[in-house]
Each structure stands twice: as structure tokens, then as C-alpha cells.
Amino acid sequence: MQPQRDLRGLGLLLLSWFLLLVEVARAGRLVVSCPAACLCASNILSCSKQQLPSVPHALPSYTAQLDLSHNNLSRLRAEWTPTRLLHLHSLLLSHNQLNFISSEAFSPVPNLRYLDLSSNQLRTLDESLFSELRVLEVLLLYNNHIMAVDRSAFEDVAQLQKLYLSQNQISRFPLELVRLPKLALLDLSSNKLKTLPLSDLQKLPAWVKNGLYLHNNPLFCNCELYQLFAHWQYRQLSPVVDFQEDLHCMSSKKLHSVFNLNCSEYKEHAWVAHLGDTLTIHCDTKQQGMTKMWVTPSNERVLDAMANSTVRVLENGSLHFQRVQVEDGGVYTCYAVGEAFNETLSVELKVYNFTLHGHHDTLNTAYTTLVGCILSVVLVLIYLYLTPCRCWCRGVEKPSSHQGDSLSSSMLSTTPNHDPMAGGDKDDGFDRRVAFLEPAGPGQGQNGKLKPGNTLPVPEATGKGQRRMSDPESVSSVFSDTPIVV
């Protein structure tokens, strides 16, 4: 009897343990069960089109994809889910009435990679709104009423690759967004943008510009805008190739096609270098992560390190020149191979056969040249107008003893060519002086006399063969070899 009693006790113990396990299993099933308003398929929960005013509670912790679109959600608070959903990678909240999102709303879902907030009532993207989503890759915000984007709203969202902000009311170009390290698509079409940071956009790599959509904005018309989009058209970038007819601008309250503006035709510019410069040319491809190969103008492949060469290929695929030489000029070709497509780019390099001085040296040279020119002009003026006379040419001029004609001499040199007192009459027929005659006054029938001032007596003209002696203090001409008949 004793063994039977022991067996009965063991059976009761086993039964109680079985019932306990069943209850535990039932309790666990209640915790992870699918919400009543949702349709569950493995780790996917679809709660769409249920007119839900709030997010269902007690969501399974294993949820990887949650669809709450087409409901009546108006606010997304920090406590919208009581448990952390560490496996959630996709959250769909489109077509609701969301007008408020807490800055801590995404703390329970730190591993979210896809977030759809399109077609809601959002008006602003506040400070650090998406900063908790450090692995977010795709964010849809189109068809809202967004007017302002805080500069720090996407801080620390380093993995973001695609951002859709079209069909909003944005009037400021969010330049901080194009600087996100992995952002390959930014859709800002159909907003209220009037101006663009053109110089900054021109500096962007081609893979960023290839995903920057700006059509259907009331941009101001100017030739800089045309040059920007003409370059994109030359490179066959998607925003221009796919939406060329929707690229408009405003002028005089009228809508114009950007490519119909009266601007000079776009021309691709060559790279310019001077002798001895260091230069890096990028293979500006439309896709990241492409394998690149460069070929020289002589159709030779550029290796990573070429012996006795000034050019080599860097690790990022750029072409680097160390101390450029004249023979380095020409057209270089970059062949890029990617997963989606291949691309070929040609870059022309012009090398001038002289070194380029720095800005400071150029300024000094120009300043020195200008000062030298000014000093030269001043010295010429001093020579022409302020040349000092010798003392003997500054004597007091005596009044004329005759009222007849006066002879005025023109001073061209301060040194007399000869001494008229040293010799007698000049019979060689030449007098090495230049004199100018003034016409005789009325009533006088004789030739005028030389200007007085230590003058020699001048005989009256008795014949055509005689010549007058000029005043010894009259200054001789530099042209004294030419006689003047008085």
C-alpha cells in the first residue's frame, strides 16, 4: 500500500507542475499577443485604417514593422509606447492628423531606420527632434505644412540617406541638410524657396547634386541660377533630366522656364595651374563608392605611385599633382565603375609656364611699380620747369634806349656756345644763336635792335649781307649749328 500512496503523491505533484506551466504560458501569451485593432503577421503589425485616436498599448516587443497610417492620431507623446521596441526598424504614421511630436517621442525606438510622417499637419521641425534616431536612413515628411526647419533638428542623424520635404511651405534653403555625410537624396520641390545659396550648391559633389530636387519653387530669375542648372544639365543629373519642364523662376511676377533665360551659354571650365603648383582633381561621379581609374593625355594609366612622375591616384580616387610641370597639361579621363552604372569623365588641365606669386608679393610689386612711375613723372616736371639758372643770367634788365623794334631771344640752354667779345666781326656767315624778331612799331623804318643788358652796339642794317650779333647774355640754342638771318 505504501508504494501506491507514494506513486499517487508523485502524480499529483507532476500534475500541479503541469498546470503551473500552462498558466505561465497563458500569461506570457497575453503579454505578446496581437492588439485587437491590428493585424499581425509574424513581427509585422498592421493597424492601418482603424480610426484610432491613439497608439494601441501593449505592443509586442518583437515588433519589427508597425503601420499606423490612415488613422486619427494627432499627437505623438514621449509615452506613446510603454515598452522599448528595440527591434522596430520601420514606423509608418502617414495620413494622420499629427500636429505635435515630442522631442522624446523616438527614444523608445532607437534602431528605427525608416520613418514615414507624410501627409500630416506638422508645421515646424523643432530642435533636436530626430537626434535620437542615429541609424535612421529614410525619412518622409512631404505633404505637411512645414514652414521652418530648425538647424539642429537633424543633429546626429549621420546615417540619413533620403529625406523627402516636398509639398511644404519652406522658404529657407536648409543648407545644413546637404552637409549630412550620407544624404544622397533631398527633395525640396514644391515649396516656397525664392533664393538659393548658389555658390555653396556649386561646390557640392555630383552625387549630392544628383539627388537634390528643387523644381516647382518660385525662384528669382538670374543668370547665376541658369548657370547652375545648365551645369547640371551638362552632367545629366537627375533633378534636371527628370524635371526640366518644372524648373521655373519668377521675374516681373511672371513665371519663366530657367532654360529660356537670356543668358550666356554654359561652358565647362578647365582646371588651371601654374608651374610648380600642387593640385588635386576629383573624379566627381554621380554615385558614391565607385571604383575609379585615371588615364593621362598620352593614354597611359595613372597608378597609385608612379616612379619619376608628378602625378598619382589617391585612395579616394582623386588625381594628385605634386609640383606641376608644363608637360602635365592636357585632357585626363576618369573611368568609374559602380553597381548601378558606369561613368566616364574628362577633365582638361592647363599649365602656364610661369610661377604664380602670392597675393602679398603681387601687391608689393604693383605698389613699387606705381611709386616708380610717379617719381619719374615728378623728375621730368622738375627738369622741364624748375631747372636753376646761373647767376649771370639773372642780371637786371636795362631799359631799351630805342623805341624801335626789339629782338627777343629764346633760352634753350644756359651755356653760351661762344664769346662774342673774344673776336671781331664774324665773316664766316654763321652766328651760333637763335633769335626771334618782333615787328617794328609804327613810324619806324629800321630793323629792331637786340634786347639791352650788357649788349654790344648793333650797327644799322646797310645791306642784305650783314648780320646782327646777338646779346652775349642771350642764351644760345641747342640748335646753334643752324644760322638765322636777321
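User: How do the residues of the lining of the largest pocket divide into nonpolar, polar and charged?

Analyst: The model is predicted. Its largest pocket holds about 1100 Å³ of space, and 37 residues line that pocket. By class, the lining residues divide into 13 nonpolar, 14 polar and ten charged.

User: Which element gives the most to the lining of the largest pocket?

Analyst: α3 (206–209), α4 (223–234) and β23 (342–352) each supply at least two residues of this lining. The top contributor, with six residues, is β23.

User: Is Leu59 buried or exposed?

Analyst: Leu59 sits in the loop between β2 (44–46) and β3 (65–67). Its relative accessibility is 5%, and the cut-off for buried is under 20%. Leu59 therefore counts as buried.

User: Which residues does Leu59 touch, not counting those up to four places away in sequence?

Analyst: Pro35 is 24 residues from Leu59 along the chain, yet their C-alpha atoms are separated by 6.9 Å. Pro35 is one of the residues touched.

User: Among contacts between residues at least 6 apart in sequence, what percentage join residues at least 24 apart?

Analyst: The protein has 486 residues, with six helices and 26 strands. Among its contacts between residues at least 6 apart in sequence, the share joining residues at least 24 apart is 58%.

Technical notes. Residues are numbered from 1 along each chain as its sequence is written. This is a predicted model: local features need pLDDT of at least 70, side-chain atom pairs count only at pLDDT 80 or more; totals for chains, interfaces and linings use all residues. Side-chain values use heavy atoms; hydrogens and water are left out. Helices (H or I, at least four residues) and strands (E, at least two) are DSSP runs, numbered from the N terminus. Buried means under 20% relative accessible area, exposed over 50%, partly exposed in between (1.4 Å probe, protein chains only). Contact means heavy atoms within 4.5 Å. On a 1 Å grid over the protein atoms alone, a cavity is a set of points where a 1.4 Å probe fits but cannot get out, and a pocket is an open set with protein on both sides within 12 Å along at least five of seven lines; lining residues have an atom within 4 Å of a point. Grid points are joined across faces, edges and corners, and a volume is the space filled by probe spheres set on the points. Ala, Val, Leu, Ile, Met, Phe, Trp, Tyr, Cys and Pro count as nonpolar, Asp, Glu, Lys and Arg as charged, and the others, Gly among them, as polar.
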